[in-house]
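I opened the model to look up a few points and kept these notes as I went.

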Amino acid sequence: MPTTEAPALTRKDFQSDQEVRWCPGCGDYAILAAVQQVFPELGIPREKFVIVSGIGCSSRFPYYMNTYGFHSIHGRAPAVATGLKMTRPDLDVWVVTGDGDALSIGGNHLIHTLRRNVNIKILLFNNRVYGLTKGQYSPTSELGKRTKSTPHGSVDFPFNPLNVAIGAGATFVARSVDVFVPHLKAVLKRAAAHRGSAFVEVMQNCNIYNDKAFGALTDKAGRQQNGLYLEHGQPLVFGDRKDKGLRFTGTDFEVVQLGNGMSADDCLVWDEKHANPSLAFQMASISTGDGLGDYPVPLGVLRAVDAPTYDAGVIDQIDQVSSGRPQTLEQLIHGTDTWTVDAGGNVDRGAN
Amino acid sequence: MTLPIAGQTAAGRAAEATVSDVVIRFAGDSGDGMQLTGTQFTNTSALIGNDLSTLPDFPAEIRAPAGTLAGVSGFQVRIADHDIHTPGDAPDVLIAMNPAALKANLRDLRDNGVIIVNTDEFSPRNLKRAGYEGNPLEDDSLNAFRLYQVGLTTMTRRALEDSPLDVRSKDRCKNFLALGMVYWLFSRPLESTIDWLRVKFKRRPEIAEANVKVMKAGWNFCDITDAFQVRYDVEPAKLEPGIYRSIHGNSALAIGLVAASRRSGLPLFLGAYPITPASDVLHELATYKHFGVTTYQAEDEIAAVCSAIGASFGGSLGVTCSSGPGIALKAEGINLAVMVELPLVICDIQRGGPSTGLPTKTEQADLLQVMFGRNNESPVPVIAASSPADCFDTALEAVRLATTWMTPVILLSDGYIANGAEPWRIPQVEELPDLRVDFHQTADGFMPYMRDENSLARPWAIPGTPGLEHRIGGLEKEDVTGNVNYEPDNHDYMVRLRAEKVARIANEIPEIEVDGPQAGQLLVLGWGSTLGAITGAVNQARADGITVSRAHLKHINPFPRNLGDVLDRFERVLAPEMNLGQLALLLRARYLKDIETYSKVEGKPFTRDEILHRIESMAGGPN
């Protein structure tokens with residue numbers, strides 16, 4: 001096929017003709033806009049994108065993207081995407097999911113997809129509530145949360161999505177926030193560039209059932225005060241005046257006030273490529289994400305390591321086996337032991 | 001048939017008798033290698049040109065407690081010089097490797113049948129384990145049979161006196177001593193098993209040679225002693241001219257799927273999760289990578305079906321394979337394929353149930369599950385394989401239906417034909433159906449749910465095709481555009497449209513054929529793996545002077561278009577099923593015709609005589 005220089009794609013090229021039906025004020029609008037801005041910048045033809053989703057508010061995402069899309073069933077998007085990517089490595093496959101879809105009903109598929117390092121991108125919109133079913137607590141809801149299904153407060157311990165991903169062996173783990181547009185776009189680009197499973201938690205507000213889910217992080221003061229913007233090779237410094245830092249004591253992270261003899265040089269230099277995932281796990285553990293504790297909320301790339309992908313392994317093996325074993329369908333059907341019956345009913349053993 | 005006791009005796013030699021048909025059952029502990037022994041006997045007999053049919057019967061436990069009834073593993077093979085349809089009702093010969101194997105199988109043995117027992121295993125401890133109070137070899141309980149007592153373990157050790165193997169490894173060869181004896185008894189050559197052993201144990205030649213030596217010792221023991229008075233032969237069967245091989249149902253299914261992949265030009269993707277008795281399809285397809293086959297052992301049954309749907313979306317031939325419990329888990333995934341109208345083949349290798357049930361035993365009780373076991377109106381074509389070799393043709397048919405009508409298709413097999421083997425006349429590749437598929441290419445006027453006028457199928461437009469970007473999903477669709485639509489009239493229209501699409505398949509499948517009189521008193525109607533027993537029974541009934549017709553269903557949803565007329569032409573219809581009457585329920589509902597069910601739910605296939613006796617009683621007894 002002749003290759004011609006395709007005209008540059010724009011945000012508009014990725015907007016479908018469908019009316020967007022999320023609630024006014026939903027954080028998903030911002031994420032949709034960020035994705036529609038990032039995709040044209042990736043240098044990939046539009047027809048090569050496939051967005052696969054499960055069930056939930058977030059999973060309506062494919063309908064609003066003018067790409068190939070598959071709104072599948074609850075929790076199963078990673079499984080659909082895995083079958084697609086294994087057989088169509090030329091496609092750029094993205095999964096859009098939510099905290100209930102990915103971590104509750106679909107938990108099994110999420111961990112196994114990450115473990116295998118299937119070369120797909122997974123965006124988990126975490127609003128810490130079930131929105132589409134009208135307000136039940138989710139596997140990321142905080143203890144004590146009062147919802148329709150927990151009128152006296154939840155006694156159900158939540159997951160930290162980042163730690164689920166890191167624990168499952170994910171090779172790329174990052175976090176951003178629906179309304180932190182430039183940060184979100186940068187994280188999406190990093191995910192797009194990663195070869196292997198890229199897991200991105202997008203903290204997202206549900207203004208109907210869990211308003212200000214991450215309010216202490218997303219309000220004006222919180223953005224600078226409570227966000228820890230991880231950058232590979234840079235010391236862990238945060239705060240609106242960059243006056244705080246994180247030291248690693250050998251067992252724990254410790255918040256330190258900079259000045260008075262304490263400087264950025266005393267803080268841990270962030271290493272997203274650290275071979276052992278325990279550092280990323282520990283970093284993810286410093287905050288539940290809402291910005292209410294003593295620690296800041298880690299944002300950006302927690303882990304990005306190179307590893308072989310499952311889909312490439314499968315395809316390589318097929319190629320390898322095929323090159324050594326030419327066989328026709330006739331040979332396959334015949335097998336190794338045959339006998340022939342001639343028109344007279346005589347049997348010739350082993351003849352072929 | 002009963003094996004003759006005496007024949008023409010040459011001086012000092014065993015008499016030789018030619019028999020037309022014999023049923024042999026090998027039985028022992030799960031670890032005694034009975035499946036392997038039976039398979040070797042089968043393959044050797046196949047290469048001689050006998051018609052054959054096998055019935056493996058093994059416990060769900062890999063190694064149940066040694067010497068117990070629960071641990072008995074059996075392999076029945078019937079060989080004949082004529083066309084046969086079943087593995088035989090009652091064994092003529094039983095090889096019992098221990099007391100439990102004797103006790104578990106004796107009641108099936110034909111009167112005056114041959115029993116070969118391994119006396120070394122008849123210790124007081126083993127007798128007690130098998131539940132014997134005394135030793136049946138020493139009382140008169142086996143008087144009705146021809147009992148041959150052989151110290152298989154002792155003889156095996158003696159034959160391997162010079163072998164470097166340890167005692168445990170030596171003892172593991174004793175099944176080959178028994179095999180050598182049975183080869184002699186039925187005049188079979190040893191060569192193909194010797195070749196097989198040497199390939200199988202290429203890296204452990206001492207094991208191959210020990211087994212060869214022991215097998216020859218078994219043969220020689222029979223040849224030089226006068227242990228047996230009669231030696232038998234079964235001549236080759238007069239089969240239709242052609243090239244044959246012996247094949248198991250699961251193997252035929254796997255090869256059929258590869259053939260369908262080649263004939264359609266679609267790469268084959270199998271998403272599967274291990275489950276008895278379907279796992280062999282995964283195992284076998286995993287060895288066909290050189291046919292571009294991708295196998296995916298998913299994390300669960302749901303991921304298995306969903307990955308196959310993902311592969312189909314991308315333009316592959318998506319297949320998943322399981323048994324009843326797994327099919328239950330896949331229900332929501334199958335319904336997604338119904339809604340998004342993508343091709344998908346779901347193979348259900350049925351087993352006994354409900355729940356975990358009888359994993360290694362056969363049953364046909366998933367029929368209503370695959371018809372109706374999904375939420376809402378969920379029309380899915382259902383077809384059933386009727387014999388091991390028929391699994392090949394049925395796989396091709398499933399793919400034809402799936403790709404022509406853009407629909408999931410359920411293929412029913414069961415443990416009996418999946419694990420059973422029979423000779424298969426190998427087809428010519430160019431005679432196989434042409435299943436070529438064209439993906440939609442033109443962007444002009446493209447809508448994801450526009451439809452072919454005849455089949456009502458929507459176009460298969462795969463990702464990567466410029467200009468055809470579209471979204472599919474489980475929400476109700478507006479026809480043609482594929483947009484999400486909740487309008488009452490649209491839903492009513494779409495529910496009926498999906499039903500009509502599947503119903504129209506009836507226009508392009510063969511009418512059901514009636515064997516025997518086209519109208520009359522009695523029709524025996526079956527589906528799936530009961531074909532052999534029904535055919536054998538009907539043929540015998542006719543030989544006995546009873547007028548009876550027979551028909552067999554491959555297509556169950558939709559039914560062949562002439563089925564109602566056929567049923568109306570008979571006064572009585574008998575439907576033998578390995579369930580409590582599931583096909584009968586469908587037929588009564590659809591055709592308002594009474595159907596008489598003959599049920600068997602013992603985890604075992606019908607015998608010919610069971611169905612024959614039912615036919616006789618319906619016809620007022622044998623003439």
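**Notebook: a helix, a strand and an interface**

I began with α4(A) and listed its buried residues: A:His109, A:Leu110, A:Ile111, A:His112, A:Thr113, A:Leu114 and A:Arg116. I keep in mind that this is a predicted model.

Entry 1, the helix. I counted seven buried residues among the 10 of helix α4 (residues 107-116) of chain A, so the helix is largely enclosed by the rest of the structure. I then asked which elements the buried residues of α4(A) pack against. Within chain A they are α2 (77-87), α3 (99-105), α5 (161-167), β6 (198-203) and α10 (310-324). Chain B contributes α11 to this packing. I also looked at what follows α4(A), and found A:Asn117, with a positive phi near 60°.

I looked up A:Val52 and placed it in strand β1 (residues 49-53) of chain A. Is A:Val52 buried or exposed? I take 20 or more other C-beta atoms within 10 Å as the cut-off for buried. A:Val52 has 33 within that distance, so it is buried. Setting aside neighbours within four places in sequence, I found A:Val52 in contact with A:Phe70, A:Ser72, A:Ala77, A:Val80, A:Ala81, A:Val93 and A:Val95. I also checked A:Val52 against A:His112: they are 60 residues apart in sequence, and their C-alpha atoms are 17 Å apart in space.

Entry 3, across the chains. Strand β2 (residues 68-71) of chain A pairs with β17(B) in the parallel sense, over three bridges.

How many residues of chain B are in contact with chain A? I noted 59 from chain B, in contact with 54 of chain A. On the chain B side, the elements giving two or more residues are α1 (34-48), β9 (242-248), α9 (249-264), β10 (268-272), β11 (294-297), α11 (301-313), α12 (324-340) and β17 (471-473). Of these, α11(B) gives the most, with nine residues. I sorted the residues of this side by type and got 31 nonpolar, 18 polar and 10 charged.

I noted the division of chain A into domain 1 (11-213) and domain 2 (312-349). Taken over C-alpha atoms, the centres of domain 1 and domain 2 of chain A are separated by 45 Å.

How values were computed. Residues are numbered from 1 along each chain as its sequence is written. Chains are lettered from A and ligands numbered from 1 in the order in which they are written. This is a predicted model: local features need pLDDT of at least 70, side-chain atom pairs count only at pLDDT 80 or more; totals for chains, interfaces and linings use all residues. Domain bounds come from an automatic or database domain assignment. Two residues are in contact if their C-beta atoms, placed from the backbone, lie within 7 Å. Helices (H or I, at least four residues) and strands (E, at least two) are DSSP runs, numbered from the N terminus. Ala, Val, Leu, Ile, Met, Phe, Trp, Tyr, Cys and Pro count as nonpolar, Asp, Glu, Lys and Arg as charged, and the others, Gly among them, as polar. Two strands pair if DSSP finds at least two bridges between them. A residue is buried if 20 or more other C-beta atoms lie within 10 Å of its own, exposed if 12 or fewer, and partly exposed in between; C-beta atoms are placed from the backbone.
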